[in-house]
Amino acid sequence: MNVLAVALSFLVLIDGQSFCQNGTRPNIVMVMSDAFDGRLTFDPGSKVVQLPYVNYLRELGSTFLNAYTNSPICCPSRAAMWSGQFAHLTQSWNNFKCLDANATSWMDELQAKGYLTKAMGKLDYTSGSHSVSNRVEAWTRDVHFLLRQEGRPVTQLVGNMSTVRIMRKDWKNTDKAAQWIHQTAAASHQPFALYLGLNLPHPYQTQSLGPTAGGSTFRSSPYWLKKVSSDLITVPKWLPTAAMHPVDFYSTFTKNCTGDFTEDEVKSIRAFYYAMCAEADAMLGHVISALRETGLLNNTVVIFTADHGELAMEHRQFYKMSMYEGSSHVPLLIMGPGLMSGLQINQLVSLVDLYPTVLDIAGISPGGNLSGHSLLPLLSKSSGLFKKQRPDWVLSEYHGCNVNASTYMLRSGRWKYITYSDGLSVPPQLFDLSLDKEELHNVVHKFPEVKVYLDKLLRGIVDYPEVSSAVHLYNIKSFGAWRDDLGGNYSQVIATLRWHVDWQKDVLANERAIDSWISGLS
């Protein structure tokens, strides 16, 4: 064996040992929240709300400053994280159409290699879930009518200064996770992997709008609102509606945000959202405390992330379903044995990177065609010599409701390129994030050479006109099959979905629009 080979073998051995205690593989705990704006995990965003456990991970682990969702909506985003593949590769088109129930996840691979595994809380990555309204809105998104699909965003104050547990379902799952750590993981001789999915800080269902309503209520208590620095809450700048990109206007309308909002209303929505983030942070802390109390923390890699962000009234919108930073930028913090502390990492990464990263941490070679790349070389104290070349871009795509065209985002360097549908029928957008952090100035015509370069790069990753066409056909077929199954009940059912107020204003015209849409492609 030559000298180089001996040196490489020695360094690889050290790298593997750095994650272990007494020759064991590290435990892995992932906490994934829902709709958590990643910009709150580093300055200046981190100053607006107290997040002590996020800060704990930031100080003792690594924070990714440019982490993105691969699809800014719940189910397709989680499908990308669990499968390690881009949404178009798994055909995860909307909250109803995602992975098959038997799809292999990174947790399956860990279990097959001797890990004790447990997933609890919000999973939401397989097909068949979410409301009928949600799937019908996705299927009919490019029909030529405008219907308000969401309730107007509102705030709701509950409890008092001693009211801590607002999102009871999340707390119940968090308690179960802590109990599992104490009773099962602590008694096991196997390394373990635990996943906890939270619903916070996703807005709550607006109950006054009935059982089909979406989540448009930002709810919290004085206890959590006290964690928010009200003087640091910014009021986002909005473009005039006439100057909005056509897809943005469609989103703003369907999200019921075209009405008047006072500055106080906007600041209140943002304050309540930040308070909900603080409550989610406390749940993360509950899990960390359980690991510390059982003596497991020192041999556990802890990962905190989210499926997507929350616009919180940026760009005159709430919710997600957008490629703007508030919606697409996610938190990603990783702490554990053998990993660097206090590190802030600028490299562009995305949720598909978590699959190979988790397997790399466990010493498992990933199989199959993964879209992501292990983050371990960026984190490990002893892997600096072996940092593999990784792409200098991240991809996100969206094919669901509240957006009337398939959307593709390529982030590379200072640039964010967003294109739609076939790349021709809807104008693209280009933002220079180094100069325009609020993404208010589309410079696609100012830098045509950048647009051409990024579009070519994007087409080399995904044939997006072809994907858009496939999604369009899927929407037509899925809606037609659903309508046929309803038979004579169709008109009654569609008129009672959560857009029913707008629908009933002109039932006949809306039904004609759908009929024309279907017949034009049949």
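Biologist: Which residue is the bridge partner of L116 in β6?
Modeller: In β6, L116 is bridged to F192, where strands are DSSP E runs of at least two residues and helices H or I runs of at least four, numbered from the N terminus. This is a predicted model, in which local features need pLDDT of at least 70 and side-chain atom pairs count only at pLDDT 80 or more, while totals for chains, interfaces and linings use all residues. Residues are numbered from 1 along each chain as its sequence is written, and side-chain values use heavy atoms, with hydrogens and water left out.

Biologist: And how many bridges join β4 to β6?
Modeller: There are 6 bridges between β4 and strand β6 (residues 192-197), and the two run parallel; strands count as paired if DSSP finds at least two bridges between them.

Biologist: Which helix packs on the sheet there, touching β4 and β6?
Modeller: That is helix α7 (residues 168-185), whose direction makes about 170 degrees with that of β6. Contact here means heavy atoms within 4.5 Å, and angles run from 0 to 180 degrees between the N-to-C directions of axes fitted to C-alpha atoms, for helices over the stretch in contact.

Biologist: What is the strand order in the sheet?
Modeller: The open sheet has 7 strands in the order β4-β6-β1-β9-β10-β2-β11, with mixed pairing. Because β4 (116-121) and β11 (343-345) stand at the edges with a single partner strand each, one side of each is left without a neighbour in the sheet. From one strand to the next, the twist averages 10 degrees.

Biologist: Which strands does α10 lie across?
Modeller: Helix α10 (residues 263-293) lies across β1 (27-33), β6 and β9 (300-306), and runs at about 165 degrees to β1.

Biologist: Changing topic, how many disulfides does the structure hold?
Modeller: The structure holds 0 disulfides, a disulfide being a pair of cysteine sulfur atoms within 2.5 Å.

Biologist: What about G214, where is it, and is it buried or exposed?
Modeller: G214 sits in the loop between β7 (204-205) and β8 (215-220), and at 8% relative accessibility G214 counts as buried. Leaving out residues up to four places away in sequence, G214 touches E150, Y204, Q205, T206, Y319 and R498.

Terms used: Buried < 20%, exposed > 50% of the residue type's maximum accessible area, 1.4 Å probe, protein only.
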